[in-house]
Amino acid sequence: MTNQDLHKFCLRLGDTCLILSHRQSELCSKGPFLEEDIAQTNLGLDLLGQAESLLVYAAELEGKGRSADDLVFKRAEHDFYNFMLAEQPNTDFAFTIVRQYFMSIYLSKVYEILSEVNDEVVSGISAKAIKEISYHKQHLFMWLKRLGDGSQEGHERIQTAVNELWMFLGELYEEDEIDIIMQKAGFAISGFDMKSYLMNHIKIDLDKATLSIPENIYMVSGSKKGVHTEYLGYILTEMQYLQRAYPDAKW
């Protein structure tokens, strides 16, 4: 494993946390009630902190003199490597919960593994992130069950969100050459093991929420090569506007 391999690995994970945090930030002042509005915003702040730490390290590993801000504000859409699931919009509260729930299950396993690697920076970031993601999982499952096992409308909305977002799960256990390298270095588990972990955990939780797993769903692919849905472009337009309007401005 080279520094460039680790750079790409941290960049992918940092991008995913960054875009997820941006989606969560859009919920500020739009929660179903005040306490939940604050809770959802705080989930976004946790993810933003994880993204910043990972992208700072990614910039250092790259060795080209770029900062984390450069990576965030000066890359084009095809140079981002976040999962497509992360960029899906907050269609309604049910979609937000399902998207964040799926990602929290994935991130909990990722950080569990990374907390024990022999890289002090990565293990330190991950040890802190595990505590945050543990709360995310608990909070998001509470809503999954509350909506799934509640009113008919709540059940229908959360089941629709599961059905619509299911096709993005395949990327979470997809493998390419970087993944294989990181697996050999002990920084990741195999795609087969990740898929087993995700499906087993999700099935148990969906059963508790009286929700079902959709069948015969085509899985999308491409984010690890810079391919995205139309939504990422809109996110970056908003996120990068100031830097593009006033390049390298300081205040």
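**Entry 1: the largest cavity**

How much space lies in the largest cavity? I looked it up: about 320 Å³. I note that this is a predicted model, where local features need pLDDT of at least 70, side-chain atom pairs count only at pLDDT 80 or more, and totals for chains, interfaces and linings use all residues. Residues are numbered from 1 along each chain as its sequence is written, and side-chain values use heavy atoms, with hydrogens and water left out.

I wrote down the terms before going on. The search runs on a 1 Å grid over the protein atoms alone. A cavity is a set of points where a 1.4 Å probe fits but cannot get out. A pocket is an open set with protein on both sides within 12 Å along at least five of seven lines. Lining residues have an atom within 4 Å of a point. Grid points are joined across faces, edges and corners, and a volume is the space filled by probe spheres set on the points. Rolling a probe the size of a water molecule over the atoms shows where empty space is left.

I found two cavities of 30 Å³ or more in the structure. The largest cavity has 23 lining residues. Phe9, Tyr106, Val110, Asp179 and Lys224 lie nearest its centre. α1 gives the largest share, four residues.

I then sorted the lining of the largest cavity by class: 13 nonpolar, four polar and six charged. Ala, Val, Leu, Ile, Met, Phe, Trp, Tyr, Cys and Pro count as nonpolar; Asp, Glu, Lys and Arg count as charged; the others, Gly among them, count as polar.

**Entry 2: the second largest cavity**

I read off a volume of about 40 Å³ for the second largest cavity. Its lining is Leu20, Leu47, Gln100, Met103, Ser104, Leu107, Ile133 and His136. Which element gives the most to this lining? I found α4, with four residues. Both α4 and α5 (120-148) supply at least two. The classes are five nonpolar, three polar and no charged.

**Entry 3: the pockets**

I turned to the largest pocket, with a volume of about 340 Å³. It is lined by 17 residues. Leu18, Ser21, Leu48, Val72 and Phe73 lie nearest its centre. α1, α2 (34-62) and α3 (68-73) each supply at least two residues. α2 has the largest share, eight residues. I counted its classes as 10 nonpolar, five polar and two charged.

The second largest pocket has a volume of about 270 Å³. Of its 14 lining residues, Asp69, Phe73, Gln243, Ala249 and Trp251 are closest to the centre. α3 gives the largest share here, three residues. I found six nonpolar, two polar and six charged residues in this lining.

**Entry 4: aromatic rings**

How many aromatic pairs does the structure hold? I found five. Rings of Phe, Tyr and Trp (its six-membered ring) pair if their centres lie within 6.5 Å; planes under 30 degrees apart count as stacked, over 60 as edge-to-face and the rest as tilted.

Phe93 and Trp143 have ring centres 5.0 Å apart and planes at 85°, so I noted the pair as edge-to-face. Phe93 lies in helix α4 and Trp143 in helix α5, so the pair ties together parts that are 50 residues apart in sequence. Is Trp143 buried or exposed? Trp143 is buried, with a relative accessible area of 5%. Phe93 is partly exposed, at 21%. (Buried means under 20% relative accessible area, exposed over 50%, partly exposed in between, with a 1.4 Å probe and protein chains only.)

Tyr101 and Phe102 form a tilted pair, 5.8 Å centre to centre with 50° between the planes. Tyr101 is buried at 1% relative accessibility, and Phe102 is buried at 1%. Tyr101, Phe102 and Trp166 form one aromatic cluster.

**Entry 5: charges over rings**

I checked for charges over rings (NZ of Lys or CZ of Arg within 6 Å of the ring centre and within 35 degrees of the ring normal). The charged end of Arg75 sits over the ring of Phe80, 4.1 Å from its centre. The charged end of Lys109 sits over the ring of Tyr197, at 4.8 Å from its centre.
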